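Reader: Please show me the model and take me through what can be computed from its atoms, with the cut-offs stated.

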Amino acid sequence: MYNKAYMVPNPMTPNQAIFISPEFCNGCNTCVDVCRSDVLVPNPEKGKPPIVMYPDECWFGGCCVAHCPVPGAIRMEHPLNQRAGWKRKETGEYFRVGMKNPPPPNTRPPVG
Ligand code: SF4
Ligand code: SF4
């Protein structure tokens, strides 16, 4: 009897963290080597882009992007909840979660 074992990438939840562009990536696997969470694994086909095997374990530190020798080959997207922002209607100022100088707390009484 002949048995085979397969590895299948985890689902992209809550969002896709790492994007590798096959047209630029040269398959050097530097990103695989530097990732401390082992999110990426080498492609079984030499020279092909690594596989994002465990996207849900990404810590969004960006080491893979910082060490990639090919500009545009890999990019990281922060989770949706960290990309949230808000805009002050009166001035058009844009604020992000975690910013250094957040606006002062809202002193208006609650509605109702
Ligand atoms: S480091 Fe960049 S070029 Fe090398 S395998 Fe990763 S994405 Fe591709
Ligand atoms: S951002 Fe960090 S944890 Fe996520 S794949 Fe890149 S090196 Fe790994």
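The questions and answers below go from the overall fold to the ligand shells and the backbone.

Author: This is a predicted model, in which local features need pLDDT of at least 70, side-chain atom pairs count only at pLDDT 80 or more, and totals for chains, interfaces and linings use all residues. Residues are numbered from 1 along each chain as its sequence is written, while chains are lettered from A and ligands numbered from 1 in the order in which they are written.

Reader: Which residues come closest to ligand 1?
Author: A residue counts as near a molecule if its C-beta atom, placed from the backbone, lies within 6 Å of it. Around ligand 1 there are 14 residues, and the closest are Cys25, Cys28, Cys31, Cys68 and Ile74.

Reader: Around ligand 2, which residues come nearest?
Author: The shell around ligand 2 has 15 residues. Those that come nearest are Cys35, Val39, Cys58, Cys63 and Cys64.

Reader: Which residues does Ile20 touch, leaving out those up to four places away in sequence?
Author: Contact here requires C-beta atoms, placed from the backbone, within 7 Å. With residues up to four places away in sequence not counted, Ile20 touches Cys25, Pro49, Pro50, Val52, Ala73 and Ile74.

Reader: Is Asp38 buried or exposed?
Author: Asp38 lies in the loop between helix 1 and strand 2 (40–41), and its phi is positive, near 50 degrees. Most residues other than glycine have a negative phi. A residue is buried if 20 or more other C-beta atoms lie within 10 Å of its own, exposed if 12 or fewer, and partly exposed in between, with C-beta atoms placed from the backbone. With 10 other C-beta atoms within 10 Å, Asp38 is exposed.

Conventions: Two residues are in contact if their C-beta atoms, placed from the backbone, lie within 7 Å. Helices (H or I, at least four residues) and strands (E, at least two) are DSSP runs, numbered from the N terminus.
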